[in-house]
Amino acid sequence: MATCWLLASLLLLASAAGDESVVTGRPAGCQARCGDVDIPYPFGIGPNCSRGEGFEIACNTRNGNGDLVPTLAAANGSIHVQSLSVEQLPEVKVMLPVAYKCYDSGDNVTRRFYGEVDLNNNGVYRISDSRNMFVVIGCNTLSYTQNGNSGGSNTHYSGLFYTGCVSYCNDSRSAQDGRCAGVGCCHVDISPGLTDNVVSFGPWTRGFQVDFSPCDYSFLVDKNEYEFRSADLKMDLNRTMPVSFDLFVI
């Protein structure tokens, strides 16, 4: 079985061996920034500018203001990079979308999105279990995240890991700002080593609550980057959340 080492170990060993290029040796002519984000080596933009395909950053996407934003070239889908760090604790911080399921007063589903992310084509990234949590927002809401593929080894479940929680509230006044303990909001830790994510919602009656809680929401988020607000019971469906990735090489 291949042994996974943190990128920090790679940098330390390479530095000790005198190979400074791993830390500072961006090839000549390679772009050092994308928008307002620094791109430190071993990350890089374009062919032959990074340590390998898993470290390649794309710089061809623009945000709503027309500014360039970096994305992970190795991921399936457009995952915006917020920051990259290779000093002390190697970290990639990205913005991931919020999953949702919305209803009308007749309990019919009007909109849905399950927040599917698959980021590890090249064996570099893991969703950090120490820095992130899974959050569920809504009233009468069950949601869970499914990760990995059992490959048929389990006849009852298609995934390898399942994590979730239940959130409930009686009315619009039940949920309180700053509290995420089951009333309007709940949160749980996630399993280690995750490289993908897709969300499911429970089939519970919701139509009678749409005036103050029209949708169920769930998302991964950095533990230090989110605090519940009761206004989030009517969250913008285009909202994204900051999520921290650990870096591994095989």
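This is a predicted model: local features need pLDDT of at least 70, side-chain atom pairs count only at pLDDT 80 or more; totals for chains, interfaces and linings use all residues.
Local features are described here only at pLDDT of at least 70 and side-chain atom pairs only at pLDDT 80 or more, while totals for chains, interfaces and linings use all residues. Residues are numbered from 1 along each chain as its sequence is written, and side-chain values use heavy atoms, with hydrogens and water left out.

**View 1. The largest nonpolar core has 35 residues.**
A nonpolar core is a set of buried Ala, Val, Leu, Ile, Met, Phe, Trp, Tyr and Cys residues joined through side-chain atoms within 4.5 Å. Buried means under 20% relative accessible area, exposed over 50%, and partly exposed in between (1.4 Å probe, protein chains only). Look for F43, L72, V92, V94, Y125 and F245, which touch the most other members. Among the strands that each supply at least two residues are strand 5 (56-62), strand 8 (91-97) and strand 19 (240-249); strands are DSSP runs of E with at least two residues, numbered from the N terminus. Because domain 1 (28-87) and domain 2 (91-150 + 157-247) both contribute residues, this core lies between them. The domain bounds come from an automatic or database domain assignment. Apart from this core lies another, of 22 residues, including Y100, F212, C215 and L237.

View 2. P42 lies in the loop between strand 3 (37-38) and strand 4 (44-45), and P42 is buried, at 0% relative accessibility. The C-alpha atoms of P42 and F55 are separated by 6.7 Å, although these residues are 13 apart along the chain.

**View 3. Five strands form an open sheet in the order 10-9-18-13-16.**
The pairing is antiparallel, and two strands count as paired if DSSP finds at least two bridges between them. At the edges, strand 10 (109-113) and strand 16 (185-188) each pair on one side only. Strand 9 (residues 99-103) is joined to strand 10 by 4 bridges, and Y103 has V109 of strand 10 as its bridge partner.

**View 4. D222 is a buried residue in a strand.**
You will find D222 in strand 18 (residues 215-222), with a relative accessible area of 4%. The side chain of D222 makes a polar contact with the side chain of S244 (2.7 Å). A polar contact is a pair of N or O atoms within 3.5 Å; within protein, one must be able to donate a hydrogen and the other to accept it, and residues adjacent in sequence count only if both atoms are side-chain atoms. Not counting residues up to four places away in sequence, D222 touches K93, R131, N132, P242, V243 and S244.

Technical notes. Contact means heavy atoms within 4.5 Å.
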